[in-house]
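We will walk from one stop to the next, and at each one you can show side chains as you please.

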Amino acid sequence: MIVIAGVWIVILLFAGGFALDRVLTNSLVRNFDEQLELILRSMIGSSEVGPEGEIRFSRPPADQRFIEAYSGSYYYISPLPGADGKVPSVADFPSRSLWDRRLEIDTKHDHSSTQIHDSFQFAGEPLRIVERDVIIPGSPVKWRFQVAQSRENLDAQLKELRTTLVWAFAVLGLGLIILAALQTFYGLWPLRRVRSEVAAIRSGAKTRVSEDFPNELRPLTDEINQLLAHNEEQAEEARRHAGNLAHALKTPLTVITNAATARSEDLADTVCREATTMRRQVDHHLARARAIGRRASSQARAAVWDSLCAVQRAVTTMHEGVTVDIAGDKKVEVRVERQDLDEMLGNLVENAAKYGSGRVFVTVEKSAPFVDILVEDDGPGIPAEQRDELFIRGKRLDTTGKPGTGLGLAIVRDVAEIYGGRITLEESEDLGGLLAKLSLPLG
């Protein structure tokens with residue numbers, strides 16, 4: 001930030017200094033030229049033709065430098081060639097300050113209007129010359145009036161001006177860069193405090209970032225505190241989850257241990273029964289753990305239609321004679337990981353296929369901010385007062401002996417709630433069986 005600010009300040013000051021130098025330089029040169037033009041017009045106005053056709057002044061120039069040798073102020077009035085190309089035999093009129101020198105004359109160009117240019121015809125003495133071609137009344141000769149002045153004073157003024165500009169803009173640029181550096185340093189100082197507080201949190205000295213920060217950093221500190229709270233919730237949930245799993249496995253292990261200690265005759269049956277119970281508990285808790293671990297991904301998206309098509313193929317392959325029909329929105333997505341969505345839909349559709357009479361109908365509806373997935377079957381249905389019992393882990397209402405663990409709907413409910421969704425059980429109006437309504441956040 002400091003380097004970028006410094007580079008930008010230098011560029012702007014350079015451009016501004018260059019523009020100001022051009023303006024002031026042009027102003028000084030223009031004033032210098034106007035003085036020369038004023039002298040030239042004064043000389044032309046006071047010029048007259050002498051007895052022998054020469055040029056002379058009706059009044060002498062006011063500037064005494066024109067009569068001092070090599071003073072730096074000069075004038076020169078010379079005849080120009082006529083139409084025949086010959087120079088008239090009349091005397092030219094130089095200033096005494098020229099002494100034994102003369103100003104150069106360019107006869108190839110017409111100077112009917114005032115012309116101004118620089119000249120280096122005198123060694124070590126650059127000149128600024130203003131000249132004009134004039135015909136004096138009473139004289140058939142065209143005369144060129146030239147007024148020249150040394151540029152030494154003008155160049156000295158320009159050098160002093162540029163030196164002042166360079167120093168002034170250098171000091172200004174240095175001050176601005178220092179100011180930008182101080183502003184950046186002190187402006188970012190609160191970030192160092194944030195870093196220190198985060199380090200204190202990591203070391204255990206603090207649990208939250210304090211709130212006495214500028215308004216610009218409050219959103220950051222609030223997000224950090226929310227992240228810390230979220231992590232604490234996840235850690236607490238993991239501890240609670242591990243405790244629940246340990247508690248769920250304790251009873252089966254106790255039963256197996258007691259049966260083995262007593263050398264019970266039905267030890268094998270007891271081990272198989274309790275092992276099945278433990279497997280159900282492990283499967284259920286693993287499903288919840290996977291969903292909790294993937295929930296942190298805010299970019300989780302899954303296409304409902306693709307997942308339903310995969311489940312449809314799997315269920316129709318496992319259950320012969322079962323028809324699974326899908327209808328509704330084909331483009332809708334939910335904010336759920338694809339693996340968890342497959343597991344939830346697989347449990348619902350498989351239950352419908354297992355306990356129905358061969359017909360399963362799935363409908364996808366978008367109802368912002370949720371997506372409703374309706375799974376209906378043509379089975380006998382379940383009384384309203386018994387539907388909540390299906391969400392109890394290990395609880396089964398089926399007495400026909402069909403394979404199952406009694407954890408399918410419990411897993412679906414737990415995973416859906418982890419993602420902010422829900423599941424309800426109703427009666428299917430079209431097929432007459434059970435209708436499971438799974439609502440998940442819209443992606």
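The tour below goes from sheet to core, then on to a helix, a hairpin and some backbone details.

Before you start, note that this is a predicted model, in which local features need pLDDT of at least 70 and side-chain atom pairs count only at pLDDT 80 or more, while totals for chains, interfaces and linings use all residues. Residues are numbered from 1 along each chain as its sequence is written, and side-chain values use heavy atoms, with hydrogens and water left out.

**Stop 1**

Select β9 (323-328), β11 (359-367), β12 (370-377), β13 (422-427) and β14 (434-441). Helices here (H or I, at least four residues) and strands (E, at least two) are DSSP runs, numbered from the N terminus. These strands make an open, mixed sheet in the order β9-β11-β12-β14-β13. Two strands pair if DSSP finds at least two bridges between them. At the edges are β9 and β13, each pairing on one side only, and the twist averages 20° from one strand to the next.

Zoom in on β9 and β11: they run parallel and are joined by six bridges. Here Asp325 stands opposite Phe361 of β11.

**Stop 1: the largest core**

Next, show Val304, Leu341, Val360, Ile373, Val375, Leu438 and Leu440, the residues with the most contacts inside the largest nonpolar core, which has 40 residues. Such a core is a set of buried Ala, Val, Leu, Ile, Met, Phe, Trp, Tyr and Cys residues joined through side-chain atoms within 4.5 Å. Buried means under 20% relative accessible area, exposed over 50%, and partly exposed in between (1.4 Å probe, protein chains only). With seven residues, α7 gives the most to this core.

Which residues does Val304 touch, not counting those up to four places away in sequence? They are Val332, Val334, Leu341, Leu345, Val364, Val371 and Ile373, where contact means heavy atoms within 4.5 Å.

**Stop 2: Asp21**

Move to helix α1 (residues 2-46), where you will find Asp21. Asp21 counts as buried because its relative accessibility is 10%. Show Arg162 too: a polar contact of 3.0 Å joins the two side chains (a pair of N or O atoms within 3.5 Å; within protein, one must be able to donate a hydrogen and the other to accept it, and residues adjacent in sequence count only if both atoms are side-chain atoms).

**Stop 3: the hairpin**

Select β6 (residues 127-135); seven of its nine residues are buried, so this strand is largely enclosed by the rest of the structure. Nine bridges join β6 to the antiparallel β7 (residues 142-150), and Val134 has Trp143 as its bridge partner. Six residues separate the two strands of this hairpin, and Gly138 in the turn has a positive phi of about 90°.

**Stop 4: backbone details**

Finish at the cis peptide bond between Ala368 and Pro369, with omega about 5°; Pro369 is in the loop between β11 and β12.

Terms used
Axes are lines fitted to C-alpha atoms, for helices over the stretch in contact, and angles run from 0 to 180 degrees between N-to-C directions.
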